[in-house]
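Colleague: I am new to this one. Can we go through the labels and ask what stands behind each?

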Amino acid sequence: MYLATAAQMKEIDRIAIEERGIPSLELMENAAKAVVGEILALPIPGPKRHSRAIAYITRDGREPSREEQAAFWASRQRSALVFCGPGNNGGDGLAVARLLLGEDWRVKCLLVGNREKMTPDSREMERRLIETGGVLEDFCPENWADYWGFDVAVDALFGVGLNSDLRPDAEEAARAMTSAWWTVAVDVPSGIHADTGEVLGRAVKADLTVTFTLAKRGLFVGEGAVHSGKVVVADIDIPRDLYNDEKDFPVTTVEKPFLSPRRRDAHKGDFGKVFILAGSKGYTGAPCLAARAAVRSGAGLVTVAVTGDIYPIIAAKCCDEAMVWPIPDSCEELLGKAQTADIVLIGPGLGQSRETEKRVLSLLRKITCPVVLDADGLNIISRHIDVLDKRSAPTILTPHDGEFARLTGCALPIHDRLAAAREFVERHRCVLVLKGHRTITAASGGKGNTRCFINTTGNPGMAQGGSGDALAGVLASLCAQRKADDILSAVWLHGRAGDLAAAEKGERGMTVTDLIEAIPYAMKECEEE
């Protein structure tokens with residue numbers, strides 16, 4: 001799915017209206033119809049989090065049955081609180097209010113801002129609202145009680161063009177929306193930067209965002225990914241030839257991969273050899289998790305190289321699926337063993353001793369196969385970034401934000417993760433997998449031709465030690481198997497396995513082992529597809 005910037009969407013709208021002759025009011029009507037369609041599909045009264053605050057009692061003093069309660073909610077008139085700004089996003093909201101009135105909803109429509117600044121299209125939508133018996137009231141924050149108890153709050157305050165903090169009256173409106181069962185944002189939640197996902201002071205936290213024509217980057221990255229809730233992309237009849245050129249949209253979401261069936265006459269050599277340099281005293285779990293994930297995701301042969309002091313522990317923990325190899329004193333012997341692999345994974349639990357650093361730098365300078373750098377591999381290369389720049393073979397870096405800050409020297413939190421990832425891969429010859437909520441994969445095709453991919457699988461249950469080791473193992477495994485789009489497939493599958501584990505065990509109770517055990521089921525979904 002292509003992700004557009006605010007500037008791109010404004011230009012697409014301009015061409016559609018000014019050059020293709022599509023009336024702007026027609027587009028506004030189509031947008032409102034899409035929003036109303038999603039609102040009508042919402043389960044009312046809404047999220048279970050509110051149910052304990054409601055006491056049910058009949059006229060005769062008894063507690064009604066569940067059937068009686070359901071019948072009451074089904075028969076009662078639905079209600080919506082629609083907050084409109086003076087711009088065209090507010091015009092969308094006015095059209096939504098009118099259409100909901102036509103569905104026999106009780107609607108309270110509020111203007112947040114200066115009436116004198118209303119656009120011509122918004123004024124026309126207000127006229128149509130009045131014709132149907134509605135009214136656009138001025139928002140008065142002190143009348144809080146008037147805005148309580150609605151089924152749905154509609155956020156139509158600002159569109160994609162917001163680039164400054166919300167005004168005080170808009171902040172109050174955003175606060176008022178929290179009283180409704182559901183909050184539905186029109187195009188972009190107000191207070192979210194459409195390009196970066198950054199919260200501009202305060203932002204509406206929507207349960208559902210209905211955006212138009214193309215998804216916006218800010219709905220999928222940063223805090224925007226949290227504030228947007230479920231994102232629905234609605235077609236409002238803008239000609240597709242205005243936005244179907246891939247080169248115009250260098251940021252996309254990661255799509256579900258397709259894994260072709262294995263050949264009937266295949267053997268283990270067909271599915272790649274993974275060499276893992278990992279582990280140290282006190283950190284024996286990480287190499288085992290990475291190895292198990294590599295095995296579970298289909299690698300033909302997995303070898304874990306560890307120092308002699310932890311060799312017995314790792315050999316016992318890895319059981320029979322992965323081979324464990326004690327690291328020799330000779331760097332040349334280590335290099336020779338690593339060179340037999342299709343890919344080398346360096347870093348999980350490795351430590352940063354002087355001897356370890358010497359081994360890692362020696363491998364990176366001399367090895368000719370692809371390398372995945374994770375954890376301490378990243379910490380070591382952050383002090384020797386020149387070694388990364390001189391490598392001719394592919395190098396894949398998998399930092400979380402803290403490790404990325406050590407690599408780049410940037411401050412935390414990273415306000416624009418997309419821009420930071422793009423800048424890094426353009427400066428250094430590598431592929432970057434910037435882990436976190438909505439993991440970003442960035443790959444440079446030359447300056448100005450960098451592509452970024454945002455992953456949408458995964459859940460908070462994966463926020464625990466070892467998840468990154470599992471991702472590194474899946475990544476190395478799929479790269480060794482030379483799967484098409486192997487890096488993106490690995491990121492998607494890792495998140496999907498986490499989702500399957502959470503569905504079975506819950507986000508609080510799931511473990512990284514549960515995630516790894518779910519990898520085959522995630523892959524099976526892609527094979528069946």
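**Labels and their cut-offs**

Colleague: Why is Cys-140 called partly exposed?

Modeller: The relative accessible area of Cys-140 is 24%. Buried means under 20%, exposed over 50%, and partly exposed in between, with a 1.4 Å probe and protein chains only as cover. The 24% falls in between, so Cys-140 is partly exposed.

Colleague: What should I know about the model itself?

Modeller: This is a predicted model: local features need pLDDT of at least 70, side-chain atom pairs count only at pLDDT 80 or more, and totals for chains, interfaces and linings use all residues. Residues are numbered from 1 along each chain as its sequence is written, and side-chain values use heavy atoms, with hydrogens and water left out.

Colleague: How many disulfides are there?

Modeller: The count is 0. A disulfide is a pair of cysteine sulfur atoms within 2.5 Å.

Colleague: How do you know that Cys-140 is in no disulfide?

Modeller: The nearest cysteine sulfur to that of Cys-140 belongs to Cys-109, and it is 14 Å away.

Colleague: What keeps Cys-318 and Cys-288 from counting as a bonded pair?

Modeller: Their sulfurs are 3.7 Å apart, which is too far for a bond.

Colleague: Is Cys-318 buried or exposed?

Modeller: Cys-318 is buried, because its relative accessible area is 5%.

Colleague: How do you know which residues of helix α15 face inward together?

Modeller: Helix α15 covers residues 417–427, and its buried residues include Arg-417, Leu-418, Ala-420, Ala-421, Phe-424 and Val-425. They cover an arc of only 165° around the axis, so they sit on the same side of α15. The arc is that of the directions from the helix axis to the C-beta atoms.

Colleague: What makes a stretch a helix or a strand?

Modeller: Both are DSSP runs, numbered from the N terminus: helices are H or I with at least four residues, strands are E with at least two. The protein chain has 18 helices and 19 strands.

Colleague: Where is His-428, and why is it called buried?

Modeller: His-428 lies in the loop between α15 and β17 (431–434). Its relative accessibility is 9%, so His-428 counts as buried.

Colleague: Which residues does His-428 touch?

Modeller: Leaving out residues up to four places away in sequence, His-428 touches Ile-385, Leu-388 and Asp-389. Contact means heavy atoms within 4.5 Å.

Colleague: Why does Thr-252 count as buried?

Modeller: Thr-252 has 7% relative accessibility, so it counts as buried. Thr-252 lies in strand β10. Among the residues it touches, not counting those up to four places away in sequence, are Met-1, Tyr-2, Arg-451 and Phe-453.

Colleague: What stands out about the backbone at Asp-104?

Modeller: Asp-104 has a positive phi of about 70°, although it is not a glycine. Most residues other than glycine have a negative phi, and most peptide bonds are trans. Asp-104 sits in the loop between α4 (88–102) and β3 (106–111). At 57% relative accessibility, Asp-104 counts as exposed.

Colleague: What is the phi of Asp-237?

Modeller: The phi of Asp-237 is positive too, about 70°. Asp-237 lies in the loop between β9 (230–234) and β10 (251–253).

Colleague: Which residues does a cis peptide bond join?

Modeller: Leu-412 and Pro-413, with omega about -5°. Pro-413 lies in the loop between α14 (401–408) and α15.

Colleague: Why is Tyr-521 called exposed?

Modeller: Tyr-521 has 56% relative accessibility, so it counts as exposed. Tyr-521 is in helix α18, residues 512–528. Tyr-521 and Arg-296 are 225 residues apart along the chain, and their C-alpha atoms are separated by 9.9 Å.

Colleague: How far apart are Asp-13 and Glu-355?

Modeller: They are 342 residues apart in sequence and 59 Å apart in space, C-alpha to C-alpha. Asp-13 belongs to helix α1 (residues 6–19). Asp-13 is partly exposed, because its relative accessible area is 29%.
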